[in-house]
Amino acid sequence: MEATGLSEVGDVVLNTLMAQMDAESSNKDKMRSTKYDPVMNPENPSTTTCLSGWTSSFTERLFGARAEKSRVTFEEDVVVLDDAMSQEQSLGSRTNFCSSLLEELKESKLLDKLKPAKTKGERQSDALMDLLAKQGIVDSMQEPSLHQQSSVTNKNNIRGDNSIFVSREYRQGPNQHKFQKRHPLLHALIATISATIQQQVESHNQKPESTNATFCLDWNKTSVQVATYPGDGTCGYPRHCDRGQDSCKFEKSKNVQQETSASPSQRLLTAIYYLVEDDWDAVLDGGALRVFHDGDEDGDFTDIVPRQNRLVVFRSDCVEHQVLPSLRRSRTAITIWFYGTVKIESKMDSIATNGPFIDLPPPLPILSSDVSCRVSKIFVSMASYRDSETRPTLDAMFATSNHPNRIHCGIVLQLKDGESYDEDIWQQVESFPRPQQIRYLRLHARDAMGPCYARGLAQTLWRGEDYVLQIDAHMRFRPNWDVYLIQQCQKIIEQIRSDKVMLTTYPLGYTLPNNIPKNETRGTYLVPWKFDDQGMLRQCGRVVKRNDDTSFLPHKHYLYAGGFNFAPNRVIRDVPYDTMGLPHLFFGEELSMAVRLFTHGYELYAPMETVCYHLWSRGHRPTTSPTQDTLVQSQQRSTSQKRVMQQLLGESSVVGVPMGLGNDRTAAAFAERLKVDFANKILLQGCENGELTDADFASGATTASPMYQGSVEAKIAALDSKAKALVASFLSGISY
Ligand SMILES: O=C(O)CCC(=O)C(=O)O
Ligand SMILES: [Fe+2]
């Protein structure tokens, strides 16, 4: 074994030691790390007027539950506040705020300035302006004002209203007193709604337990629009999302553009205040705001009648809506858009059983955009063989996920009947706090037939979830793992324009009970290691140098890890586990999957960051070993190994058959990419680096090292004496 490999092990051990020493101080840091800095709302410099009818359940609707849900519902996502503005705020002869405001708009001639909304061409030029603003070529704070709007009616307009933006410069610029003097009621409306929203956002963000989402609103960037739909029954506004068509789930099939943490804030909340007459009739006047519940084209909806003094608020980034034509009279509304970003953080749920984590690794970096509309369900496939870590793994997995409600597990529990060790495991899993999200099959351990059988059975528990994560039953996770995996997967799909992608690698290790190398978050990369005495190729993971440039795609490789892989759900149909065909196969399972995936056109990638940690020691659980095989078992194993060899050599009998190779690429091409000669069992030059170069690996390692393959004991044996001493002192603190 080469010394270069050892220094990698040394690194990991050192980092683990440091993690332990840091454990106490970092526990304190586990509190919210992102603090929102309240900024004084310029729309509201002195007053503290708030909408009186606003309740905390409204706040919960807009800022709370959404992060956990995939479906928009009227009851949970839209706030309708009647009698929004109190009558005391009206001025002059009228006692009614709404009619006073309408009068104010008329008197100030603002309503005369309304123009048909923008044409498609104008919107495209806006997009260009946006781009230029992002490049710093023009000032991004400029918003469309009266002068920039079209004065020509265009039949291609998708929306039929006449509108005007009350420019930010006018409302908030140096001459804002002019605006306030000329439009005192409009100013009062904007200030009241803004103050309420600001107060609610702040109080939401200060409650760490409320959700895992922090709302950062950019108070300098509100937009205010006055819009009138004529009452001729012809004009409405088709179904849309105020953030733009790319943001909604309904539009998911189109390429979703994700914000990066550097992207400017976007529309986050839409507040619409209706200025119609008080006898507006839902049927005779029409003009309802139709809110769609689901992402589907033909999903449910709720119609909201535009009542006088009614305020409707919803999330601009996920609530799709439409304006139905006004049938009898014109319909005026004022819309305020609030801009901002949503930071998603992991809930640091305390672990219900097996004590708390002594430490958690740093969260995975995820794009700061609110992915709540885009995050799909994940099916977690897990084969567990008499493993007391099954329940702690599930606990850790849910506790560190962003969207625990969207995770569904299929577990194959292979347990001995009547043994207390096994019955304890059964009890723990059966009494799991999220029983609706756990499906399982229980097998007698005596009927176990190796990982392919168990993982194949686990796949039968899939119920249409969008992504599939296959893991072992002894893992820990970094916070944000679910959103990170989906975002990385999507990034690759967009780049290579194929959804036959998989993220997979050998994770770094943890030790019992919960010792996670907190400072070690680098990714690992799979490369060939050696041919074992059965003639089977073994593989290993190598630590890759950290690269903080998030624009980089994960590194492509050709090997597959059974204990950690993530892919869009089509993988279950394209390359399902060979449940019956490879009984009692251990080494060979991963190669068979690798060559099958490759020949079916799948590209495999190693995440840039460690996503989870794997318990490499088997000391905590009873395992089977080939020496305990019955004759039948060992015969079956060697038949399975032969089948894997046929696959690796691309024999025609295994091409294009169920559970065999695909026709997209050949096994020979796989071997060539891997730089391995399977027929002669030779590793070819450069195979230890895969698609990378020496410089890409940590510690300048030039050879493949078996760092994650063996037991802890094997690793100790491989260390030099200095590292050995460190490991010994480290292990003496751990009981297992
Ligand atoms: O006036 C309404 O009810 C909604 C208008 C709208 O959807 C928009 O302007 O984006
Ligand atoms: Fe809208």
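Which residues of the largest nonpolar core touch the most other members? I put this first in my notebook, keeping in mind that the model is predicted.

**Entry 1: the cores.** I looked up the largest nonpolar core and found 97 residues in it. V380, L485, M502, A594 and L597 are the ones that touch the most other members. I then checked where the core residues come from: helix α12 (residues 481-496) gives the largest share, seven residues. Leaving out residues up to four places away in sequence, L597 touches M502, Y560, V575, Y602 and L604. I also noted another core, which lies apart from the largest one and has 59 residues. V166, L217, I272 and F292 are among them.

**Entry 2: the ligand.** Which residues surround ligand 1? I listed A227, Y237, D242, I272, L289, H321, V323, A333 and T335. I272 was already in my notes as a member of the 59-residue core. Two strands, β11 (321-323) and β12 (331-344), each supply at least two residues of this shell. Sorting the shell by type, I got six nonpolar residues, two polar and one charged.

**Entry 3: a helix pair.** Two packed helices are described by the angle between their axes and the distance between the axes. For helix α4 (residues 97-107) and helix α8 (residues 184-205), I read an angle of about 125° and axes 8 Å apart. That angle makes α4 oblique to α8. Where they meet, α4 brings F97, S100, L101 and E104, and α8 brings L185, L186 and L189. I sorted the residues of this contact as well: five are nonpolar, one is polar and one is charged.

How values were computed
Residues numbered from 1 in each chain as written. Chains lettered and ligands numbered in written order. Predicted model: local features only at pLDDT ≥ 70, side-chain atom pairs only at ≥ 80, totals over all residues. Axes fitted to C-alpha atoms, helices over the stretch in contact; angles between N-to-C directions. Helix = DSSP H or I, 4+ residues; strand = E, 2+ residues; numbered from the N terminus. Parallel < 35°, antiparallel > 145°, perpendicular 65-115°, else oblique. Contact = placed C-beta atoms within 7 Å. Nonpolar A, V, L, I, M, F, W, Y, C, P; charged D, E, K, R; others polar. Core = buried A, V, L, I, M, F, W, Y, C linked by C-beta atoms within 7 Å. Buried ≥ 20, exposed ≤ 12 C-beta atoms within 10 Å, placed from the backbone. Near = placed C-beta within 6 Å.
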